[in-house]
Amino acid sequence: EQVKICAAAGYSGIEPWIRELRQYVETGGSLTDLKKQIDDAGLVVPSAIGFANWIVDDEAQRKAGLEEARRDMDMVRAIGGTRIAAPPIGAQKLSLPLDVVATRYRTLLELGHEIGVKPQLELWGFSKTLSKLSELAYVATAAEHEDACVLPDFYHIYKGGNQFAGLGMIEASRMHVFHINDYPDSPPRDSINDAARVFPGDGVCPLVETIAMLISNGFTGAFSLELFNPEYWKRDAAEVAREGFEKSLVVVNQAMEKMSKS
């Protein structure tokens with residue numbers, strides 16, 4: 001159903017959640033059939049959203065997390081995907097040493113390389129670990145692996161207290177996917193949460209300027225719309241998907257126009 005809605009709304013790809021892929025399989029769905037449906041709809045799978053505990057301190061939990069990551073990446077590969085999000089799940093309340101995080105990220109990258117799916121180091125603005133663009137860049141660099149890459153998010157960049165100019169220090173080819181959204185000027189940064197995200201262009205995020213900078217620096221990845229606004233849940237899913245696509249397209253087109261004039 002999600003594939004149908006995405007295709008009908010105009011998107012060129014879909015970023016599924018692993019837990020929903022699991023539910024689909026557990027209720028009798030076939031990943032082979034799903035891949036065919038995605039292909040037939042003209043969509044690609046640039047990424048998927050997973051929450052394996054690859055980063056945690058507890059060795060047993062981390063080992064189990066890597067096994068979960070293996071299963072997750074096998075599912076992503078089965079539907080034609082080549083990347084998966086790697087957020088700092090389990091380390092939100094800890095300030096882990098960045099060199100330790102880099103070693104653990106490298107282990108995850110090695111697993112992904114074996115399977116053929118790249119784990120993308122994801123920024124979480126509310127987390128004590130990997131909330132800063134500088135931390136993201138350091139860990140990806142210190143992992144010293146050819147597949148190292150990052151997954152930024154406009155909302156999380158703001159929530160983490162970052163300046164968008166910092167994106168200019170990250171190699172564009174290392175950003176394959178970028179979560180696009182917007183945020184209002186109220187509530188303030190320290191108390192804003194995921195539920196406050198709004199459609200691109202409906203908030204105060206400097207989307208046009210930042211996207212123009214990204215494209216100018218060579219970004220050719222996918223913008224994946226990610227919102228958790230409960231007000232949108234009250235509406236028809238197809239209608240919300242379509243509005244999200246159209247508003248995302250407007251800001252991207254404005255950014256490209258701005259870049260062409262500069």
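This is a predicted model: local features need pLDDT of at least 70, side-chain atom pairs count only at pLDDT 80 or more; totals for chains, interfaces and linings use all residues.
What radius of gyration would a compact globule with 262 residues have, and what does the protein chain have? The rule, 2.2 Å times the number of residues to the power 0.38, taken over C-alpha atoms, gives near 18 Å for a compact globule, and the protein chain has 18 Å, which agrees.

Residues are numbered from 1 along each chain as its sequence is written, and side-chain values use heavy atoms, with hydrogens and water left out.

The C-alpha trace spans about 50 × 40 × 35 Å along its principal axes, and the protein chain has 10 helices and 5 strands, these being DSSP runs of H or I with at least four residues and of E with at least two. Of the 262 residues, 49% count as buried, meaning under 20% relative accessible area with a 1.4 Å probe, protein chains only.

Let me turn to one residue, Asp153, which lies in the loop between strand S3 (150–151) and helix H7 (154–159). Asp153 counts as buried because its relative accessibility is 0%. Its side chain makes a polar contact with the side chain of Arg197 at 3.2 Å, a polar contact being a pair of N or O atoms within 3.5 Å, one able to donate a hydrogen and the other to accept it, where residues adjacent in sequence count only if both atoms are side-chain atoms. A polar atom of the Asp153 side chain also lies 2.8 Å from the backbone nitrogen of Tyr155.

Key: Buried means under 20% relative accessible area, exposed over 50%, partly exposed in between (1.4 Å probe, protein chains only).
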